[in-house]
Amino acid sequence: CLSGVIREPLSGVDVELPIAKDVRHAVTGTRNAIQAMRILHDVPLQKVTEVLGFDRTVFLPAVALSLGELVDALKDVVDPSSHEKLGKITYQVDAFLSEVVGGFPTQIDAKRAMEMGVPEAPTAETLVRDYIADFPEA
């Protein structure tokens, strides 16, 4: 539902969200994930060894966002004259699912990735703008 909260309304499709609007989740964008993979692929082996050592695990930068924050970003980015074209966003909260998602880590230590040139995670507004740019038919 974290991608659907942007995708469906922009397509004029109503969306019912099962997670409470204030539950935060670590999020990044597809552009950022792809860019990070490309950057990490091209890091010289010496730099990889210097930064990572034996443990080659790298966490990509993410930002903790709630559905409410994503909805606010959607409304901030979309011209107010087009708000009536957005699909309706409602919540039918599943307490168990909200608790599960709320238990996921929201603070990601991406220092190692950033030491190798991976940029910070995008803002909520940037995620919306990128989606609109990548899917102009939405």
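**Entry 1. Chain and fold**

I took helices (H or I, at least four residues) and strands (E, at least two) as DSSP runs, numbered from the N terminus. On that basis I read the pattern α-β-β-α-α-β-α-β-α-α-α along the sequence, with seven helices and four strands in the chain.

I note that this is a predicted model, in which local features need pLDDT of at least 70 and side-chain atom pairs count only at pLDDT 80 or more, whereas totals for chains, interfaces and linings use all residues. Residues are numbered from 1 along each chain as its sequence is written, and side-chain values use heavy atoms, with hydrogens and water left out.

I looked up the extent of the C-alpha trace and found that it spans about 55 × 35 × 15 Å along its principal axes. Of the 138 residues in the chain, 33% are buried, where buried means under 20% relative accessible area, exposed over 50%, and partly exposed in between (1.4 Å probe, protein chains only). The chain exposes about 8,400 Å², and carbon and sulfur atoms supply 55% of that area; accessible areas come from the Shrake-Rupley method with a 1.4 Å probe, and for residues only the protein chains shown count as cover.

For contacts (heavy atoms within 4.5 Å), I considered those between residues at least 6 apart in sequence, and 87% of them join residues at least 24 apart.

**Entry 2. Salt bridges**

I searched the whole structure for salt bridges, meaning a side-chain nitrogen of Lys or Arg within 4 Å of a carboxyl oxygen of Asp or Glu, and the search gave five.

Arg24 pairs with Glu69, with the closest N and O atoms 2.5 Å apart. Because Arg24 lies in strand S2 (residues 24-27) and Glu69 in helix H4 (residues 67-77), this pair ties together parts that are 45 residues apart in sequence. I recorded both partners as partly exposed, Arg24 with a relative accessible area of 38% and Glu69 with 26%.

Lys47 and Glu50 form another salt bridge, their closest N and O atoms being 4.0 Å apart; the two are three residues apart in helix H3 (residues 45-52), and so are separated by about one helical turn. Here Lys47 is partly exposed at 30% relative accessibility, while Glu50 is exposed at 58%.

I also noted a salt bridge between the side chains of Arg7 and Glu8 (3.3 Å, N to O), with Arg7 partly exposed at 33% relative accessibility. Arg31, Asp130 and Asp134 are linked in a network of salt bridges.

I listed the buried residues of H4 as Leu67, Gly68, Leu70, Val71, Ala73 and Leu74. These buried residues pack against H1, strand S1 (15-17), strand S3 (63-66), strand S4 (89-91) and helix H7 (124-134).

Leu2 sits in the segment before helix H1 (4-10) and is partly exposed, at 22% relative accessibility. Leaving aside residues up to four places away in sequence, I found Leu2 touching His25, Leu67 and Leu70. Leu2 and Leu65 are 63 residues apart in sequence and 9.2 Å apart in space, C-alpha to C-alpha.

**Entry 3. Leu52**

I then turned to Leu52 in helix H3, which is buried with a relative accessible area of 8%. Not counting residues up to four places away in sequence, Leu52 touches Thr57, Val58, Arg112 and Met116. From Leu52 to Lys88 I read 36 residues in sequence and 45 Å in space, C-alpha to C-alpha.

**Entry 4. Largest pocket**

I looked for pockets on a 1 Å grid over the protein atoms alone, a pocket being an open set of points where a 1.4 Å probe fits, with protein on both sides within 12 Å along at least five of seven lines, and lining residues having an atom within 4 Å of a point. About 330 Å³ of space lies in the largest pocket, and of the 16 residues that line this pocket, Ser3, Gly29, Thr30, Leu127 and Tyr131 are the closest to its centre. Grid points are joined across faces, edges and corners, and the volume is the space filled by probe spheres set on the points.

H1, helix H2 (30-42) and H7 each supply at least two residues of the lining, and H7 gives the most, with five residues.
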